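Colleague: I have the entry open and would like to go through it with you. Could you start wherever you like and let me follow up?

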Amino acid sequence: MRNEETARRHRMNVGAIITAQTLSLRLPGRHGSGRKIGEAEEWFFEQMTPGDTFVFGGEIWRFMGIEGTNAIVTRAADKEPKVPAGACPNSPCPPSWPAGCGG
């Protein structure tokens with residue numbers, strides 16, 4: 001290390017737990033984003049394309065896109081999501097899927 005200050009800062013950051021980046025799930029709105037319905041990790045939306053459906057909070061939602069730190073979603077009329085429930089932490093599996101599929 002170049003100096004004691006740099007060494008001290010390094011020692012204090014060793015073992016730091018870095019949390020995953022999250023996006024706010026929001027309904028579309030007139031001026032930017034609408035009402036917030038929750039949060040999910042960014043990696044979950046990186047694997048999706050607009051129009052994909054997924055389970056969140058026991059409901060099926062359609063992913064519309066990302067605006068800044070918001071994932072824009074709308075309620076979907078689909079009976080089954082396109083993205084498996086197990087792909088999103090803490091999501092329940094639809095009843096028609098085998099037990100232990102995720103969530």
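Modeller: I would start with the hairpin that strand 4 and strand 5 form, which has two residues between them, and where Gly-68 in the turn has a positive phi of about 65°. Please keep in mind throughout that this is a predicted model.

Colleague: How many bridges join strand 4 to strand 5, and do they run parallel or antiparallel?

Modeller: Strand 4, residues 59-67, runs antiparallel to strand 5, and six bridges join the two. Within that pairing, Ile-66 has Ala-71 in strand 5 as its bridge partner.

Colleague: And what about strand 1 and strand 5, in which sense do they pair?

Modeller: Strand 1, residues 22-28, pairs with strand 5 in the parallel sense, over three bridges.

Colleague: Staying with strand 5, where does Asn-70 sit, and is Asn-70 buried or exposed?

Modeller: Asn-70 belongs to strand 5, which covers residues 70-75. Its relative accessible area is 13%, and because buried means under 20%, Asn-70 counts as buried.

Colleague: What does the side chain of Asn-70 make a polar contact with?

Modeller: The side chain of Asn-70 makes a polar contact with the side chain of Arg-26, at 3.1 Å. Leaving aside residues up to four places away in sequence, Asn-70 touches Leu-23, Ser-24, Arg-26, Ser-33 and Gly-65.

Colleague: Let me switch to charges. How many salt bridges does the count come to?

Modeller: The count comes to five salt bridges. One of them joins the side chains of Glu-59 and Arg-75, at 2.8 Å from N to O. Glu-59 lies in strand 4 and Arg-75 in strand 5, so this pair ties together parts that are 16 residues apart in sequence. Glu-59 counts as partly exposed, with 32% relative accessibility.

Colleague: Which residue does Lys-82 meet in a salt bridge?

Modeller: The side chain of Lys-82 meets that of Asp-52 in a salt bridge, at 3.0 Å from N to O. This pair links distant parts of the chain, 30 residues apart, with Lys-82 in the segment after strand 5 and Asp-52 in the loop between helix 2 (42-46) and strand 3 (53-56).

Colleague: Are those two partners buried or exposed?

Modeller: Lys-82 counts as exposed at 60% relative accessibility, whereas Asp-52, at 7%, counts as buried.

Colleague: And which residue does Glu-39 meet in a salt bridge?

Modeller: The side chains of Glu-39 and Lys-36 meet in a salt bridge, at 2.9 Å from N to O. Glu-39 is partly exposed at 43% relative accessibility, and Lys-36, at 37%, is likewise partly exposed.

Colleague: One more topic, the aromatics. How many aromatic pairs are there?

Modeller: The count comes to five aromatic pairs. In one of them, the rings of Phe-44 and Phe-45 have their centres 5.2 Å apart and their planes at 75°, so the pair is edge-to-face.

Colleague: Are Phe-44 and Phe-45 buried or exposed, and which residues form the aromatic cluster?

Modeller: Phe-44 and Phe-45 are both buried. They belong to one aromatic cluster, formed by Trp-43, Phe-44, Phe-45, Phe-54 and Phe-63.

Methods
Residues are numbered from 1 along each chain as its sequence is written. This is a predicted model: local features need pLDDT of at least 70, side-chain atom pairs count only at pLDDT 80 or more; totals for chains, interfaces and linings use all residues. Side-chain values use heavy atoms; hydrogens and water are left out. Helices (H or I, at least four residues) and strands (E, at least two) are DSSP runs, numbered from the N terminus. Buried means under 20% relative accessible area, exposed over 50%, partly exposed in between (1.4 Å probe, protein chains only). A polar contact is a pair of N or O atoms within 3.5 Å; within protein, one must be able to donate a hydrogen and the other to accept it, and residues adjacent in sequence count only if both atoms are side-chain atoms. Contact means heavy atoms within 4.5 Å. Rings of Phe, Tyr and Trp (its six-membered ring) pair if their centres lie within 6.5 Å; planes under 30 degrees apart count as stacked, over 60 as edge-to-face and the rest as tilted. Two strands pair if DSSP finds at least two bridges between them. A salt bridge is a side-chain nitrogen of Lys or Arg within 4 Å of a carboxyl oxygen of Asp or Glu.
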